[in-house]
Amino acid sequence: GIFVRTYDFGNIPPGLNQDEASTGYDAFALLHFGTDRNGYANPVMLVSWGSGMYPLPTYLLIPIFALFGTSVFTLRLLQLLGGIATLLLFYDFLRRNETLYFALLALFLLIISPWHIMMSRWALDSNLLPFTFLAGTYCISRAKQHSGWLIAASIIFALTFYSYGTAYVITPLFLLLISPYVIFSVHHKRKTFVISLAVFLIIAAPILYYVLCNQFNWPEIITPFFSIPHLPGPARFQTVSSLFHGNALREIGNNFWNTLHLLINGSDGLIWNSFGAYGYMYTPALFLCVLGVLAVLIRRQWKQPLYFYFLLWLFSAFVLALLQPVNINRINIIFLPIIFFVACGIRALSRTKEILIGFLLLFSVFFAHFTINYFQSYNTEAEGAFFASFGEAIHFAAQKTHGNICVTDHVNMPYIFVLFYEKIDPKKFYETVVYKNPGAEFQQVLSFDRFTFGLSHCIDSLPAAIIATKQEAAKIDHDVYDTTPFTRYVVGIRKNAL
């Protein structure tokens, strides 16, 4: 499991995604300058593109950057560590509550899951939520032995609100459903529950104010120590949630069918979430998951804490899926319980050792086929989505001249790559930035400092350097510029430019 998540790490996927770069740059800016790229000191929500981005991954990156520097490798290291920790925690959770055989079977399935392998190898902010949610559930399961685990669970579940917006739904729903069970089964003094609840509310309070601030136009809070920003654009929880749409019931119905289609088909068509026909857990996964749920219900295993937790987790995740347009990263919280119940389904069918071996061989063949193709051809297919070589092109152009640089806008949010790769002072950014669409959900940058985005805005002014896609390369005047090719981009340096 560790090997397949670390082999050629940092290079697969190629390049960088704009959301990765956003998380990484804000971590760099907070570490070295004390503000995010929009000038807020230690914000409880990153302004990011204008509609907010969840800050927990960014703050956890700060010590990594402080120790090992800022790079694509260190940016993705947090998710890698979270992925490996998920393997260990998942196994320990099951081993403490089930047989060694079942714990190893479920761990094997998580190890070979294409969803979890791919998720562990890049730094999308939402990728941290499954681990934090698992850690909180694990702590609840240990609370019977010691009350300190319940307090630890309250801390971790409160932190899920800072890891990804889907926690706004699944965390309160899951805790509401599980609370009666915990209260009646965990025999601790009332003081333990009061302390745990108080800790949860204190940690969650800033994010609650952020939601109210942006929903009801309350004033933002700015101090030298922390900030709760009022976003310039509509918040993501408003634009993504179906509850804020005009016809909520119709949207929920569409989400239901889209969720079923995704779970059956196994893919959302997004190259950063799934690859080929392998889906999140190969073809038999959903059938075995449904069979596993039925086996748990029929055998009344739901009376055991482990199964009760995962049933509530699966139910809460499905409710979440109804409230937003789905893709794999938006409902990534559903896949750990699915894998758990796939293991239950295999166990229910494996009446003999030969049947079990047959299932293990079948999934091993799927895994081998996925791994071979992932490490051989995935990068070629993912180059466009991760803007392979764009960072190298930016760095080359910036080092070759001190003059103005004209950058293609055929890249999603190209300015964030400039900020990340060139490690620019955020003050230089927020004091000089010019937006094309200020106040939008995703604010597009026209220019900042010496960088202008969109060749149509700057190529005629003969900038010192041009960064173009290969499709745009014909626009570069070779009599004026010396060109250098990169994988997907071309850099033109004006002759005799300083």
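The model is predicted: local features require pLDDT of at least 70 and side-chain atom pairs pLDDT 80 or more, while totals for chains, interfaces and linings use all residues. Residues are numbered from 1 along each chain as its sequence is written, and side-chain values use heavy atoms, without hydrogens and water.

Ala285, Leu288, Cys289, Gly292, Val293, Ala295 and Val296 are the buried residues of α13 (buried is under 20% relative accessible area, exposed over 50%, partly exposed in between, with a 1.4 Å probe and protein chains only). They lie on the same side of α13 because their arc around the axis is only 160° (taken from the directions from the helix axis to the C-beta atoms). These buried residues pack against α14 (305-322), α15 (335-349) and α16 (353-382) (contact means heavy atoms within 4.5 Å). Phe287 and Ile298, on the other side, are exposed.

## The mixed sheet

An open sheet of seven strands, with mixed pairing, has the order β4-β5-β6-β3-β7-β9-β8 (pairing requires at least two DSSP bridges between two strands). At its edges, β4 (434-435) and β8 (481-485) each pair on one side only.

Strands β3 (residues 405-407) and β7 (residues 465-469) run parallel and are joined by three bridges. Ile405 stands opposite Ala465 in β7.

Conventions: Helices (H or I, at least four residues) and strands (E, at least two) are DSSP runs, numbered from the N terminus.
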